[in-house]
Amino acid sequence: MKTSVFLAFSLVSIWTSLVGVSLYSLDAHLHYRELGWAVSIGLILLVTHMVNMTLYFKIRGDEPFKWHKYKTIGAKI
């Protein structure tokens, strides 16, 4: 595994863990049925996902999308 992959997954894991611990310390798991809490938790999780994606793609660049090495040349008829 390349170091940039390890760094990306490490930072994403740390960020997600921090958000999870923060939500747990605020007792979000006890209040998720209340509308205000549910909307807030949903927005926090959405922002968490967006930050995860930003971290990953800023570190890895466009490498995850380079599929040219998997292209096959078809038979000519």
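**Figure 1. Thr-48 in helix α2 of the predicted model.** Thr-48 is found in helix α2, which spans residues 35-60; the coordinates come from a predicted model. The relative accessibility of Thr-48 is 6%, so this residue counts as buried, the cut-off for that class being under 20%. Leaving aside residues up to four places away in sequence, Thr-48 touches Trp-15, Thr-16 and Val-19.

**Figure 2. The ring cluster of Phe-9, Tyr-56 and Phe-57.** Ring pairs link Phe-9, Tyr-56 and Phe-57 into a cluster. A pair of aromatic rings is described by the distance of the centres and the angle of the planes. Ring centres must lie within 6.5 Å to pair, and by this rule the count comes to two aromatic pairs. One of them joins Tyr-56 and Phe-57, with 5.3 Å centre to centre and 75 degrees between the planes. The pair of Tyr-56 and Phe-57 is edge-to-face, because planes over 60 degrees apart fall in that class.

**Figure 3. Accessibility of Phe-57.** Phe-57 has a relative accessibility of 34% and therefore counts as partly exposed. That class covers values between the limits of 20% and 50%.

**Figure 4. The whole chain, for context.** The protein has two helices and zero strands. Of its 77 residues, 14% are buried. The protein exposes about 6,600 Å², of which carbon and sulfur atoms supply 70%. Among contacts between residues at least 6 apart in sequence, 64% join residues at least 24 apart.

Conventions. Residues are numbered from 1 along each chain as its sequence is written. This is a predicted model: local features need pLDDT of at least 70, side-chain atom pairs count only at pLDDT 80 or more; totals for chains, interfaces and linings use all residues. Side-chain values use heavy atoms; hydrogens and water are left out. Rings of Phe, Tyr and Trp (its six-membered ring) pair if their centres lie within 6.5 Å; planes under 30 degrees apart count as stacked, over 60 as edge-to-face and the rest as tilted. Buried means under 20% relative accessible area, exposed over 50%, partly exposed in between (1.4 Å probe, protein chains only). Helices (H or I, at least four residues) and strands (E, at least two) are DSSP runs, numbered from the N terminus. Contact means heavy atoms within 4.5 Å. Accessible areas come from the Shrake-Rupley method with a 1.4 Å probe; for residues, only the protein chains shown count as cover.
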